[in-house]
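Please keep the structure open beside the text while you read.

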Amino acid sequence: MSERNIPYKIYLEENEMPKAWYNLRADMKNKPAPLLNPGTLKPMTADELRPVFCDELIKQELDDTTAFFEIPEEIRNFYKMYRPSPLVRAYCLEEKLQTPAKIYYKFEGNNTSGSHKLNSAIAQAYYAKKQGLKGVTTETGAGQWGTALSMACSYFDLDCKVYMVKVSYEQKPFRREVMRTYGASVTPSPSAETEVGKRILEKHPGTTGSLGCAISEAVEKATTTEGYRYVLGSVLNQVLLHQSVIGLEAKAALDKYDIKADIIIGCAGGGSNLGGLIAPFMGEKLRGENDYRIIAVEPASCPSFTRGKYAYDFCDTGMVCPLAKMYTLGSDFIPAPNHAGGLRYHGMSSTLSQLYDDGLMEAVSVQQTDVFKAAEYFARVEGILPAPESSHAIRVAIDEALKCKETGEEKTIVFGLTGTGYFDMVAYQKFHDGEMENYIPSDAEIAESLSKLPVVE
């Protein structure tokens, strides 16, 4: 029996927390396209990636055949502080909506970082420490990834340098202070402390920044500072691998009570939480064992799936990173300063992009005010104040439940509640004060950005 056909349950501890990460790529017939060296346009090798990433993480990034990676004991022990995370039946929401649908949410906000990001942050910090590094650099949008990484680095006594998207740095000062509490240094991006930051500021004076800008600065800092490596909170294959703990736990909980999901919904920026949530379900779909309707939800202001192009592009605005084949709006695209900072990325995970291009999942985009209406409704009914990012999934989960109400279908809906919104009160204030705007980029804006895509034969 091949590794990928072994029941995933053998990789669970007695408390149903995973003992191994599941690599969805192992079951994909059409593998994600490889990262390319922007100079040679040939697949990146481990040696070429070594100045940027930790050695063990490079192995995980490039491996698309190994189905399960054992989680080191040190990481499992850390996970036990907050995992397994709860899969909650939203009885109150069902009652309020008067829907025959059964609604479940996988809640990842039950840790100090406030989100799912800690699942990968602790893994990446562990491998950096194991390699003997001094510290790591990274970017952060809403601040959830930066918070998680600062916690993980504090745990392993590593330095942590965070470049935070400028608009989020200004909108979310308390998130910034949590990072500093855990010992991280935080710089608004783009900044004048890196060469690439200076170039971006010269090209886009007064810019509010983007994840693409912050990535460029973090990579430059890592590659020019001895004893440092760069770590990323989304997009990369290694991150989706670590986040598979979300889906493995969700599936174990459903299987325990003989419940089969019909619709699985996750917000989508770079793809970390969505990829983690859907991993074992998509694996069954790929192997022909079960079928699920899987929906990615993205902001209308940064619609890489629904309005982007499937092509090779730079992962960062400064064009210092490898090329990835993904659904992209162009690395030069600077999203509007909406309040879902973690979803303001120009491209999507190569793994998810391949699955979407193969027709194995759907994508929808939603406007900011509609998202906050759903967030407020959920908070009043279910008692959890959701993060703006998570609220994209809530919006579509409610919409799908209302469709069930119209048709009388008793579908089971599972969505990812990736984090809490207690550091997002400026956004909630603007929504309540009627000051929140819906910005949707024009076709001309997107076309202009896409016209600058690198030419890859």
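1. Helices (H or I, at least four residues) and strands (E, at least two) are DSSP runs, numbered from the N terminus. The model is a predicted one, in which local features need pLDDT of at least 70 and side-chain atom pairs count only at pLDDT 80 or more, while totals for chains, interfaces and linings use all residues. Residues are numbered from 1 along each chain as its sequence is written, and side-chain values use heavy atoms, with hydrogens and water left out.

2. I begin with helix α17, which covers residues 425-432 and has A427, Y428 and F431 as its buried residues (buried means under 20% relative accessible area, exposed over 50%, and partly exposed in between, with a 1.4 Å probe and protein chains only). These buried residues line one face of the helix, because they fall within an arc of 100° when seen down the axis of α17 (the arc is that of the directions from the helix axis to the C-beta atoms). As background, residues three or four places apart in an α-helix point the same way, because the helix has 3.6 residues a turn. The buried residues of α17 pack against α15 (368-382) and α16 (388-407), where contact means heavy atoms within 4.5 Å. Just after α17 comes G434, which takes a positive phi of about 70°.

3. Helix α16 also holds E389, which counts as buried at 4% relative accessibility. The C-alpha atoms of E389 and V297 are separated by 9.4 Å, although these residues are 92 residues apart along the chain.

4. Leaving out residues up to four places away in sequence, T138 touches several residues, among them L149, Y163, A218 and V231.

5. A second open sheet, of six strands, has the order β3-β4-β14-β9-β10-β13 and mixed pairing. At its edges stand β3 (87-89) and β13 (362-366), each with a single partner strand, so one side of each is left without a neighbour in the sheet; the twist averages 25° from one strand to the next. Strand β9 (residues 263-267) pairs with strand β10 (residues 293-299) in the parallel sense over five bridges, and I264 has I294 in β10 as its bridge partner.

6. Strands β11 (residues 309-314) and β12 run antiparallel and are joined by six bridges. Across this pair, A311 has M326 in β12 as its bridge partner, while Y312 has K325. Strand β11 is largely enclosed by the rest of the structure, because five of its six residues are buried. Strand β12 (residues 323-328) is mostly covered as well, with five of its six residues buried.

7. How many disulfides does the structure hold? The structure holds zero disulfides, a disulfide being a pair of cysteine sulfur atoms within 2.5 Å. The sulfur of C213 is too far for a bond, because the closest cysteine sulfur, in C321, is 12 Å away. For C315, the closest cysteine sulfur is also in C321, at 5.9 Å, which is again too far for a bond. Both cysteines count as buried, C213 at 0% relative accessibility and C315 at 11%.

Technical notes
Pairing = 2+ DSSP bridges. Axes fitted to C-alpha atoms, helices over the stretch in contact; angles between N-to-C directions.
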